[in-house]
Amino acid sequence: MGLEGHPHGAPGKGDTSVGTVVLKRGREKSVLRRHPWVFSGAIAHETQVAPGEVVDVRAYDGSFLARGYYNPHSQIRVRLLTWDEGEHITPDFWRQRISRAWARRTSPLVRNTGNAWRAVHAESDHLPGLIVDVYGGWLVVQVLALGIEVVLDTIVQALVDIAQPTGILERSDVDVRKQEGLAPRVRVLWGEPPPGRVEIEEGEHRFLVDLWRGQKTGFYLDQRVNRKVVGQWAAGRRVLNAFSYTGGFGVYALAGGATHVVNVDTSAEALALAEVNLRLNGFPPHCWTNEEGNVFQVLRRYLEQGESFDMIILDPPKFATSRATLERATRGYKDINLLAFKLLRPGGILATFSCSGLVDPELFQKIIFAAAADAGVDGQILTFLHQAPDHPVLLTFPEGRYLKGFLIRVL
Ligand code: SAH
């Protein structure tokens, strides 16, 4: 779809002639509680609206509830932008929302003491479907919904004005776009193309990040605070960093005084970058071992070989991608945690994570408990871990809480 002449992309135009979506009786409740999603099943009828266009959402009696953007190809038919009837979705609206999200991150407590952080966290910043991450002078934008796609020019212009970046890269190569009827896409949106590897600072540490091809937008910014926690507990420990990606937790562990770190990942490319990052932070090869392999198999092999560790980090990818995969995911989490408990020496520390939104903290705790019980060990949760504060969770959108973890001491 072209952006030219689109009613809500065109500068200076209001949205006074927007379409209407009328909800079934009783289905207004979640909208009144300011949950940002309207599912197709809640809709009684709707006027003719073009995909991506702004609509007013009304209760069965016709009263105004909220305004958002519409996509007939998505189960989430409308993503809500405002509950204020007087607020219109103009270019100024987008600019204001982005500058608010940006302003909320002026504190390094929220952002980072380094130069890589999340500037816009989608629904949780009242900008559904939009992710913006900062990597030094570069911005990486991820467009997860059609309603953002159609106003992307406006958003890019706002970002240029607010952030004054060197360049903006779009990394919309994510599966969820399929659910919006959108194809994957990677391209330079504005300014200079970023180099193959961009160096970032995170606290005391430096990392090279591949913005073009790295996972997510290049780096797991959401784990920043947890990396620090792991570093604080690592002194004198032999550490296994499972699902290491480019070595983030490993660098913090060594900086915290770990005696040795073993990084395990299936991706040779991630491990190659982990090596660069370890060296960049002053850790020569005798401090670490990089092992390319499947964690499920590698942990079993270590157990057979009688290996043991004083600290294990388990940061797997999202195992539960849908309700249908939840049971299998649960088994996967239990399996690796069971193996980890068996590999830890008494007094050992397990930092274990799940980034599956569908696995809530209570379920995750139960899985970990069951794994410990089956391993025949007892443990204590020392710290409850979660996503960094530049990835906030909107109270009205509890689904925004996806990353959770525990720091556990084995007794
Ligand atoms: N802890 C990392 C992020 C981990 S992301 C950080 O803080 O930067 C998950 C990683 O697990 C990815 O690098 C992916 O390549 C790897 N991975 C996925 N499945 C795996 C498996 N079965 N065994 C080993 N690594 C796996």
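**Ligand shell and strand pairing**

Author: The side chain of Asp265 has an N or O atom 2.7 Å from an oxygen atom of the ligand. The model is predicted: local features need pLDDT of at least 70 and side-chain atom pairs 80 or more, while totals for chains, interfaces and linings use all residues. Numbering runs from 1 along each chain as its sequence is written, and side-chain values use heavy atoms, without hydrogens or water.

Reader: Which classes make up the shell around the ligand?

Author: Six residues are nonpolar, six polar and three charged; Asp, Glu, Lys and Arg count as charged. Among the closest of the 15 surrounding residues are Arg227, Asp265 and Asp315.

Reader: Why are β15 and β16 called paired?

Author: Pairing takes at least two DSSP bridges, and β15 (residues 260–265) and β16 (residues 288–292) have five, in the parallel sense, so they pair. Asp265 stands opposite Glu292 in β16.

Reader: What makes the unit of β15, helix α7 and β16 right-handed?

Author: With the strands pointing away from the viewer, a right-handed path from the first strand over the helix to the second runs clockwise. The β-α-β unit with α7 (residues 268–280) is assigned that hand.

Conventions. Near = heavy atom within 4 Å. Polar contact = N/O pair within 3.5 Å; in protein donor to acceptor, adjacent residues only side chain to side chain. Helix = DSSP H or I, 4+ residues; strand = E, 2+ residues; numbered from the N terminus.
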